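Look at the structure below and follow its chain with your eyes.

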Amino acid sequence: MSDSTFEEKPIEPTFFDLIVIGTGLPESVIAAAASTAGKTVLQIDPNDFYGGHFASHRLDDLTSFLNSHANPPSTASVTTSDGDYTALELNRCSLYSHVEAANYAPEILAEHSRGFHIDVSGPRVLFCADKAIELVLKSGLGLYLDFKAVDGNIIWDESNGGLCNVPDSRAAIFKDKSLSLKEKNQLMRFFKLVQQHLAASDGEDDESSRISEEDLESPFVDFLNTRLLPKIKSIILYSIAMVDYDQDNSKVCKSILKTRDGMSRLALYQKSVGRFPNANGAFLYPMYGHGELSQAFCRRAAVKGCVQVLRRPVVALLMDKDSGQYKGVRIVSGQNLLSHQLVLDPTFTVPLPVASSQLNLPNESVKGDKRKVARGICITTRSLKPDISNLLLVYPPRSLFPEQDTSIRAIQLRGGTDAGGLAVCPSNMFVLYFSALCDDAEHGKRLLHAAMNALLTLPVSGNLESGSTVQSEDTELKPTLLWSMLYIQEITMGRYEHLISTPMPDGNLNYDDLLDETVSLFQKLYPDEAFFPETPSNPEEDIEEPSLED
């Protein structure tokens, strides 16, 4: 159906409690929660797909999406008056930059172009006991989603040959041949200490087993230094607690983790391991990519009465001429749609015209995050480890080069649907996602290039450009790179004053922080409404377990 057909058909009704611009994960969660609370909601998106910055794309569509947001059309701030309203034209932000793509097998990839579902915001996994899974259970989204396990948890250790299994359980510790007897005993004692502390904190063990308040408030790295050898400490910090920055170097570390928070992260990991059948490890991944999560919340919103419209750009906000308060939006067809509240995709900003500075607009200085995240995607021909289809890999700080001040994370996913495949690419291929927090593009790309060089090699006929890969004596052991893309993404946090702007994907593996921010925005919108209330009769009755496939 053509865009003109959409423009000719007006949206009805024309007044809502809430208008949500965008179908990314935060916007879709808010739309579903508001609809569940009985609010009338319009969710509108200029794109022809669901998911926004949390979508999964084919390769060509991903390139187009990133380039369109890296170089949005520049528009001058325009304010017009129309009846009772002042119309402020929306501007688009530049949220991606330094997009680089390389295709080393164009004919092969073109033949299978429809078989890719590539995440914009990868790498991401769901912990089996994290807030996203709890929300899926609570909101009934298990009906719409299928998951498979990411069984491998790997840490990069050059001294032990590179890819090493993370000893995260008693059985794994005993099987690990890279650990000395002393290291095994030390790790076992530490896990026992953690279990006793968590049990005491839950009232299931003697209070004397709790870690002291003084230790809980101390840096986690100091707590570990007194109990663990450096190798074991690195595993705990970066492959189980998933810490970002080098905790041993206070000069470069932007966030020192307290022992209390470290214990909470270990508790999440421990509760996740083996929680669901067919998932022996701690991690899950949605079939067909993380874009399915946004779509599932959109379905939930629609079931509760939310009106959803794609391919309908919003061009302006409508403000009351006298009070300066928000009143509604104007879409590209010229139709005005009114609402009490508005939620904006982070793509959009509201210009503040000099002549209208008295208007009651959002304060752009409210809560922000100036960090960036470097993201990389690779398509390869075989697994990094022959016996594992889907795995998480962490490069601890300084594991690749001395100036590496942050963890680099990677996830490998198998294509197809057989043998653990997650249907993110054709069955004879694998997708690798990389990410690292960074201050600028040069810093971010150096981190990603180092991680990719350690794992991959170009095909013999490939064109080696910009040092993106390195040939070495053991290249025959490395998977062959068919396609790659690197880009820098801005990190923005949700803002609230009289309008809401939702957050961009953060640099974490899971969605816990992002969901906390989303819940906070919902509660500011509707402080008296429950966020996905449970049914009063039997809270467990309608809960659908997430579907886990072998």
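Strand 16 and strand 17 (residues 336-344) pair antiparallel, with 3 bridges between them. Strands here are DSSP runs (E, at least two residues), numbered from the N terminus. Two strands pair if DSSP finds at least two bridges between them. Arg-330 has Asn-336 in strand 17 as its bridge partner. The two strands make a hairpin, with 4 residues between them. In that turn, Gly-334 has a positive phi of about 100 degrees.

This is a predicted model: local features need pLDDT of at least 70, side-chain atom pairs count only at pLDDT 80 or more, and totals for chains, interfaces and linings use all residues. Residues are numbered from 1 along each chain as its sequence is written, and side-chain values use heavy atoms, leaving out hydrogens and water.

Now turn to strand 15 (residues 314-320). Met-319 has Tyr-326 in strand 16 as its bridge partner. This hairpin has 5 residues between the strands, and Gly-324 takes a positive phi near 80 degrees.

How many of the 6 residues of strand 16 (residues 326-331) are buried? The count is 5, so the strand is largely enclosed by the rest of the structure. Buried means under 20% relative accessible area, exposed over 50%, and partly exposed in between (1.4 Å probe, protein chains only).

Last, the cysteines. The structure holds 0 disulfides. A disulfide is a pair of cysteine sulfur atoms within 2.5 Å. The sulfur of Cys-306 has its closest cysteine sulfur in Cys-298, 7.6 Å away, which is too far for a bond. Cys-306 is buried, at 7% relative accessible area. Cys-438 is buried too, at 3% relative accessibility.
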